Amino acid sequence: MTSPASGDGQPDYAPIPPSARGVTPNEQGYYVGRVERNLYWVTDGVYQAAFLATPDGVVLFDTPPSIGHNLRRAIDEITAAEGVTNRVTHMVYSHHHDDHTGASSIFGSDVVRIGHEETRRLLLRDNNPARPVPDVTFADSYTLEVGGERVELSWRGPNHTPDNIYIHFPDHDTLMFIDVVNAGWVPIYNVNLSEDVPGYMAAPDIVLSFPWTHFICGHLGRLATRDDVLVHQQYIADIEASAREALASVNPVPYYVAGGENFWAGVKGHLNAVTERTAAPVIAKYTGVLAAADIAEFTYSTAFQIMQSLRLDRGPSGPVHP
Ligand SMILES: [Zn+2]
């Protein structure tokens, strides 16, 4: 799309593909739907949380502040209809990030909070009363049993954050894993604002190694499918292949010559050229397939991170001086 910016100053991006559209929130700004049996998901259209409504209490999975008090309304609506208690007895943190946990404290202190041991360490560091630290922590795996239901929590290494865990509901055919795959949409800036790029790139294989039909990925307005994970994986694999090609084919010498004694100007010229060459074919391929692929900053900054990870994590970063 090369048409000029529209009146609101936004460039004219490609239309959102139908596959990226989600549910419509109600007048209060939330949608709550059944995932399977007594497992429900809640969204405001951009963020997602989930809860199990058991006879012994509600188990809440994440508390995005953008949904906030609508979590309480969604739980009250469902538990009243199902005739079970609306008391939240347990809460699970997917990871420590505030945009997925910042409404935790509105459920009070009489809740058992569960999270990875690294989540506890990071929440102690961040020292935010809106996000009480977990009371129960684990290193590798933890089985939560409440009201006859079973949830398997596991940590399989750092990815988006050092503490991001897999939340498997084996009796609900569902996996919850946040901030790696965005159903129908590209990752936002810098591989979805992730800290460990090789871990981020490896995570979808782990996601697919669990048995599930429904996937709660944390963002946008619908649940994800196994096909969504495959499309995301292909987008990342295409960026990786394109970055390898660009690293091998862009000649750095002219950029360093042009930079003269300003070495960092040479670095900028070279790496920008590699990033542009990496991103361009991927933007062309995925525009109309994954929503917002044509927001160049997103694919460009993700391409930059992956290209840097290929150089710095895997190597070689450059030729060895003879
Ligand atoms: Zn996050």
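**Close-up views of a predicted model**

In the predicted model, Leu153 has Ile167 of β10 as its bridge partner. Residues are numbered from 1 along each chain as its sequence is written, and this predicted model requires pLDDT of at least 70 for local features and 80 or more for side-chain atom pairs, while totals for chains, interfaces and linings use all residues. Side-chain values rest on heavy atoms, with hydrogens and water left out.

**View 1. Strands β9 and β10 sit in an open, mixed sheet of five strands.**
The strand order is β8-β9-β10-β11-β12. Strands are DSSP runs of E with at least two residues, helices are runs of H or I with at least four, and both are numbered from the N terminus. Two strands pair if DSSP finds at least two bridges between them. The edge strands, β8 (141-146) and β12 (214-216), each pair on one side only. From one strand to the next, the twist averages 20°. β9 (residues 149-154) runs antiparallel to β10 (residues 166-169), with three bridges.

**View 2. Phe61 and Phe169 form an edge-to-face pair.**
Rings of Phe, Tyr and Trp (its six-membered ring) pair if their centres lie within 6.5 Å; planes under 30 degrees apart are stacked, over 60 edge-to-face, the rest tilted. The count is nine aromatic pairs. For Phe61 and Phe169, the centres are 4.9 Å apart and the planes lie at 75°. Phe61 belongs to β4 (residues 57-61) and Phe169 to β10, so the pair ties together parts 108 residues apart in sequence. Buried means under 20% relative accessible area, exposed over 50%, partly exposed in between (1.4 Å probe, protein chains only). Phe61 is buried at 0%. Phe169 is also buried, at 0%.

**View 3. Phe138 and Tyr142 are stacked.**
Their ring centres are 6.2 Å apart, with planes at 25°. Phe138 is buried at 5%. Tyr142 is partly exposed at 26%.

**View 4. Ring pairs join Tyr166, Phe177 and Phe210 into a cluster.**
Elsewhere, Arg226 lies over the face of Trp212, 4.6 Å from the ring centre. The rule asks for NZ of Lys or CZ of Arg within 6 Å of the ring centre and within 35 degrees of the ring normal.

**View 5. Helices α6 and α9 cross at roughly 65°.**
The axes of α6 (residues 226-249) and α9 (residues 296-314) come within 9 Å. Axes are lines fitted to C-alpha atoms, for helices over the stretch in contact; angles run from 0 to 180 degrees between N-to-C directions. Contact means heavy atoms within 4.5 Å. Residues of α6 in contact with α9 include Tyr235, Ile239 and Leu247. Those of α9 include Thr302, Ile306 and Leu310.
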